[in-house]
Amino acid sequence: MLPLGNIIRKHGISFHCYADDTQLYISTRPDETSELSKLTECVKNVKDWMTNNFLLLNSDKTEILLIGPKNNTQNLLTYNLQLDGCTVTSTTVKILGVILDSNLSFENYVSHVTKTAFFHLRNIAKLRNMLPVSDAEKLVHAFMTSRLDYCNALLGGCPASSINKLQIVQNAAARVLTRSRKYDHITPILKSLHWLPIRFRISYKIALLTYKALNGLAPAYLTSLLPRYNPSRSLRSQNSGLLVVPRIAKSTKGGRAFSGSQTLEQPS
């Protein structure tokens, strides 16, 4: 991927590569539509390089997503990426199994996880009477908990309505596993299974990523988002391991970014 990376960097575009998927991303102001033309030229150069090296750029799977506040992206709605004579655009894209939308609401992703998890739960429920608790719990973790926990740090700061949908899935799984009745109080059941509720699982994942980033166990691009707090004068808090709190409004999506959400996990 080294030659391909050199081509992308030449256009001043950031990127991530995973297996055979390459993600290009660029940040710009809504009125700087000319910056988006870099994407078209970059993709064209990438396609030419791949053609010259007997590789194929799959045009049918290429997608583009514009992310930003609704009021500030109206000028960008008419922008389309041209590839092989076809217009490439999308209202949602799937990146490593996570569905992103232009508002970063993750509603489509939560609905997809909920639908898939309930499909597997129905199948597990059919077999529950024939399985011991230990085997049934392995099935629940393999087919459901793994999906609830996958990339759940992205859901930090999401509306409670979205988190509650995932919590309903976990509650249903706990009732199937313990053979509890539908209207039994769920908190004692989750405690008996030692299962953290969904919102606490999200907080735990963010705290874990923060710990790894501060101790050299995470990629450099995550570590760079967590500057340590160094006061300009001697204070009692200077050795408390605090981080710089970014100046962002918690009511906006900026407060849901990793650099903002991790500050919620710091001791007060």
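## A helical pair: Lys44 and Asp48

Lys44 and Asp48 lie four residues apart in helix 2 (residues 37-52), which means that about one helical turn separates them. Helices here are DSSP runs of H or I with at least four residues, strands are runs of E with at least two, and both are numbered from the N terminus. The two side chains form a salt bridge, with 3.4 Å between the closest N and O atoms. A salt bridge requires a side-chain nitrogen of Lys or Arg within 4 Å of a carboxyl oxygen of Asp or Glu. Lys44 is partly exposed at 45% relative accessible area, and Asp48 is partly exposed at 32%. The classes are buried under 20% relative accessible area, exposed over 50% and partly exposed in between, using a 1.4 Å probe and protein chains only.

## Basis of the model

This is a predicted model, in which local features need pLDDT of at least 70 and side-chain atom pairs count only at pLDDT 80 or more, while totals for chains, interfaces and linings use all residues. Residues are numbered from 1 along each chain as its sequence is written, and side-chain values use heavy atoms, with hydrogens and water left out.

## The other salt bridges

The count of salt bridges comes to three. Side chains of opposite charge can pair when their charged atoms come close. Asp149 forms a salt bridge with Arg201, and their closest N and O atoms are 2.8 Å apart. This pair links distant parts of the chain, with Asp149 in helix 4 and Arg201 in helix 7, 52 residues apart. Asp149 is partly exposed, with a relative accessible area of 22%, whereas Arg201 is buried at 16%.

Asp184 forms a salt bridge with Arg181, where the closest N and O atoms are 3.3 Å apart. Asp184 is partly exposed at 22% relative accessible area, and Arg181 counts as exposed at 62%.

## Nonpolar cores

A nonpolar core is a set of buried Ala, Val, Leu, Ile, Met, Phe, Trp, Tyr and Cys residues joined through side-chain atoms within 4.5 Å. In the largest core, which has 35 residues, the members that touch the most others are Phe106, Tyr109, Met144, Leu155, Leu166, Ala174 and Trp195. Strand 6 (98-101), helix 3, helix 4, helix 5, helix 6 (186-193) and helix 7 (198-214) each supply at least two residues of this core. Helix 5 gives the most, with eight residues. Another core, of twelve residues, lies apart from it and has Leu4, Ile7, Ile8 and Ile64 among its members.

Leaving out residues up to four places away in sequence, Phe106 touches Val98, Ile99, Leu100, Asp101, Leu154, Leu155, Cys158 and Arg256. Contact means heavy atoms within 4.5 Å.

## Two loop residues

Trp195 sits in the loop between helix 6 and helix 7 and is buried, with a relative accessible area of 9%. Beyond four places in sequence, Trp195 touches Glu137, Val140, His141, Gln170, Ala173, Ala174, Leu177, Leu190 and Arg201. The C-alpha atoms of Trp195 and Gln170 are separated by 9.0 Å, and the two residues are 25 residues apart along the chain.

Asn152 belongs to the loop between helix 4 and helix 5. It is buried, at 2% relative accessible area. Apart from neighbours within four places in sequence, Asn152 is in contact with Arg201, Ile202 and Lys205.

## Cavities

The structure holds two cavities of 30 Å³ or more. A cavity is a set of points, on a 1 Å grid over the protein atoms alone, where a 1.4 Å probe fits but cannot get out; lining residues have an atom within 4 Å of a point. Points are joined across faces, edges and corners, and a volume is the space filled by probe spheres set on them.

Helix 4 (133-149) and helix 5 (160-178) each supply at least two of the lining residues, and helix 4 has the largest share, with five. By class, this lining has six nonpolar, three polar and one charged residues. Ala, Val, Leu, Ile, Met, Phe, Trp, Tyr, Cys and Pro count as nonpolar, Asp, Glu, Lys and Arg as charged, and the others, Gly among them, as polar.

The second largest cavity holds about 30 Å³ and is lined by Tyr109, Val113, Arg147, Leu148, Tyr150, Leu155 and Leu166. Helix 3 (107-127) and helix 4 each supply at least two residues of that lining, which divides into six nonpolar, no polar and one charged.

Notes: 1 Å grid on protein atoms, 1.4 Å probe; cavity = no way out; pocket = protein on both sides within 12 Å on 5 of 7 lines; lining within 4 Å.
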